[in-house]
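Hello,

Here is the structure I promised to pass on to you.

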Amino acid sequence: MIVISANNLTKEYDGSNTVLNKVSFAVNKGERVGIIGINGAGKSTLLKILSGQLPHEGGDFFVSSDLRIGYLEQDGGFDSDRTVIEEVNKVFEHFPEMEKEMEKLLAEEELTRYEQLRERYERMGGYMYQSEIRGILTSMSFDESMYNKKISTLSGGEKTRLALAILLLEKPDILFLDEPTNHLDIGTLKWLEQYLKGYRGTMIIVSHDRYFLNETVNRIFEIENARLNIYEGNYNFYAAERRNRREAEMRQYEKQQKEVQRQEEMIRRFKQRGTEKLAKRAASREKRLSAMELMQRPDQSKGKLKLNFQQNFQSGKDVLLAEDLSKSFGYGINRVELFRGVSIDVKRGERVCIVGANGIGKTTLIRMLMGDLVSTTGHIRVGHNVQFGYYDQGQQLLNDNNTVIEELQDAYSLYSEGELRNILGRFLFRGEEVFQEVGSLSGGERARLSLLKLMMSGANTLILDEPTNHLDIESKEVFEEALLEFPGTCLIVSHDRYFLNRIPTRIMELTETGLVNYLGKYDYYVEKKQQLIESGSKYVAGLAKATTAEGVAFASEDTEEKTGLSAAEERKRKKEIEAEERRLRRKRESLEKEIERLEDEISKAHDELQKPEVMTDHEKLQSLSDKMAEDKDRLDACYEQWLELQE
């Protein structure tokens, strides 16, 4: 049964910029469609048209009117005066009303009507909705301490996760999801994939997350040059078929070009002979040739990133060595420890990827290794001739007040404007686009500009913090190829699982007690980590069995079959989750207190510095200035960690 269809759907902006040109497709009930394409191809535009938020200039579309639609906009957090739990409870506001009605019927001894309403309440999930709310909010990284937070105080990432949680609780018949994996760590991504696999409705998902697409969709719609190409499979199927299709198209193009050249050569020869008969033949062939529909070269598109990393000079064999690093913030009861016991040894040519839970301190660690932050304990040794190139995930190193070309001129003043414009063209900044202010750029454009500056640096050791965020799939593939060909060293923080299955020579997981080393790519890391968890569970089960005689109770076989865990293991797992939630909550609260204290100290020091008696006392002036600078550094570090915990 078709629930969504389009026929020659066309969308234009400003009367000339066509983003969708006669697009046609049909989606059956229960199908799972992934929409991909370069940034600006029209993916989000298509979802907005189908959901009725945007008009279209041509063609028509159909969405079944008797089905409920749920739509998650890209980074489309919402504003509300309610708290988190108040907003979520709106989804189930009919249940409290039914509960009151049941109480009333029971009090009035209307038992038949009561039983009918109770059965309806049960069928609708009334006895389960509270636990469902807790389960989905926990899976979306909202513990109970956040339930009463005002939505207006949440970060952008938290608002997006909350919008997704509410959408999943609403269970619409059709899900339109625009970049749903933004702001999710690996654990939450895996949970969402499993949830969507069990979802019974129809899904249309815009995403650049190739691993996520592989796990969740069974059709791919590719928007390319305003046209729609349909592939009947997941992302891996699409990638293979697209490669085969483009190779076939290239063969057809080359065959046609040879035929055109052959015909042109024959026309030239006929004309050279000068006879009337041959001249007619030449004219006939020219007519047929001009009527031929010439193919466009298949690899020509609106633009493809051209990226390659070169090092100015080679580093020594030993690039980075760190031993027993720890990082803490605050003092006394306000002291918060991020991690301890971190040791790492990176050799030339390695591509080491660091993974770990949100808020564990991955960004803090790589900044410590570069020397931007000071470790609390331990020591770091940087190897001979090591030159760092840093990509920060928020692109905070860009100057928003510069134009695009000024941003490069500030860093590479020896290049002429013409040379810089040519280089910018390789990164899809063309014409007047080079005079845009950096502050007005989209996330993808800022990412491309940051990668360009990194490429031009000639660094032999690349430190990359979530480098694939904001890149479309085509740009990710170009970026990955450039990294694989780079002769230097890479240290990369990432949660992009497809990227993690291509790039690293090893993966290191950051935990509170150190780095755990996995000598392989992402699938190997998952497999080995699961083996470690299972061996730990068997050890716990063995301890429980050994103490049975002392009165340890066991769960029934039924419970073990349902969960795969014994009651003891289940309790242990639950306690670990609760302990982790309490740890993160305490860490947030402690950081907020430390931030408040430091801001107060800085304010007092600033006031003190204005006093005439201090301004004439050079020793006191220097002492206060040094303390204020130290407090500002600590405040920056605290804010950085606090922001990590909000994601």
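Below is what I found, starting with the whole chain and ending with two local spots.

Please keep in mind that this is a predicted model. The protein contains 21 helices and 18 strands, and its C-alpha trace spans about 110 × 90 × 60 Å along the principal axes. Of its 647 residues, 46% count as buried. If you take the contacts between residues at least 6 apart in sequence, 70% of them join residues at least 24 apart.

As for the surface, the accessible area comes to about 33700 Å², and carbon and sulfur atoms account for 47% of it. Among the side chains, 94 are positive and 112 are negative, with the centres of the two sets 7 Å apart.

Helix α7 covers residues 186–197. With 12 residues at 1.5 Å a residue, α7 should span 16 Å, and this agrees with the 17 Å between its end C-alpha atoms. Its buried residues are I186, T188, L189, L192, E193 and L196. They lie on the same side of α7, because they cover an arc of only 155 degrees around the axis.

T45 has a relative accessible area of 11%, which is under the 20% cut-off, so T45 counts as buried. Beyond its neighbours within four places in sequence, T45 is in contact with K11, Y13, V19, L20 and L54.

Best wishes

Terms used: Residues are numbered from 1 along each chain as its sequence is written. This is a predicted model: local features need pLDDT of at least 70, side-chain atom pairs count only at pLDDT 80 or more; totals for chains, interfaces and linings use all residues. Side-chain values use heavy atoms; hydrogens and water are left out. Helices (H or I, at least four residues) and strands (E, at least two) are DSSP runs, numbered from the N terminus. The expected span of a helix is 1.5 Å times one less than its number of residues. Buried means under 20% relative accessible area, exposed over 50%, partly exposed in between (1.4 Å probe, protein chains only). The arc is that of the directions from the helix axis to the C-beta atoms. Contact means heavy atoms within 4.5 Å. Accessible areas come from the Shrake-Rupley method with a 1.4 Å probe; for residues, only the protein chains shown count as cover. Lys and Arg count as positive and Asp and Glu as negative; His and the chain ends are not counted. The place of a charge is taken as NZ of Lys, CZ of Arg, CG of Asp or CD of Glu.
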